[in-house]
Amino acid sequence: MITAEFKKTGSDRLSLVMSGHSGCRAPEGDIVCAAASAILFSLIGYLSAPFYVPTNSTEENEQKNLSKSENGGGLGLRINDIRSGYADIECGGRGKEAMRMACIGLLQISEKYPSCMKVRNHVWKSYICPYEN
């Protein structure tokens, strides 16, 4: 089973720890693992993408973006650990909406495949799944 846990790790930091393997035995392959991995790696990609600050000077803009992308794309991404079956990442408060979107996506997977995935959400109080079980 994959377990994903969202929590606050500081006054303005959020974390996601995912661990385990789904063990889903669908005829088309392990779709739960593939879906959860896609959400995780999309989240990491978004949080690490350069954060653009518009300026009048192209050279000044490039320098600002270079320094920000070296530090988690301006969203404060920190990858504490990532390997097969385990990921531990954090981001600053500006990445909160991306983390929330990842949480919603993972919750939708866990509702459709409850024996393969569990999500612990300690950050957001409400979530309404658009799908019926």
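Arginine 100 sits in helix H4 (residues 96–112), where helices are DSSP runs of H or I with at least four residues and strands are E runs of at least two, numbered from the N terminus. The model is predicted, so local features need pLDDT of at least 70 and side-chain atom pairs pLDDT 80 or more, while totals for chains, interfaces and linings use all residues. Residues are numbered from 1 along each chain as its sequence is written, and side-chain values use heavy atoms, leaving out hydrogens and water.

**Salt bridges**
- The count comes to 3 salt bridges, each a side-chain nitrogen of Lys or Arg within 4 Å of a carboxyl oxygen of Asp or Glu.
- Arginine 13 pairs with glutamate 90, with the closest N and O atoms 3.1 Å apart; this pair links strand S2 (residues 13–19) to strand S4 (residues 86–92), 77 residues apart.
- Glutamate 90 also meets arginine 78 in a salt bridge (2.8 Å, N to O), and arginine 78 lies in strand S3 (residues 78–83).
- Together, Arg13, Arg78 and Glu90 are linked in a network.
- Glutamate 90 counts as buried at 10% relative accessibility, whereas arginine 78 is partly exposed at 41% (buried is under 20% relative accessible area, exposed over 50%, partly exposed in between; 1.4 Å probe, protein chains only).
- Arginine 83 bridges to aspartate 81, with the closest N and O atoms 2.2 Å apart.

**Cysteines**
- A search of the whole structure finds 0 disulfides, a disulfide being a pair of cysteine sulfur atoms within 2.5 Å.
- The sulfur of cysteine 24 is 4.2 Å from its closest cysteine sulfur, in cysteine 116, which is too far for a bond.
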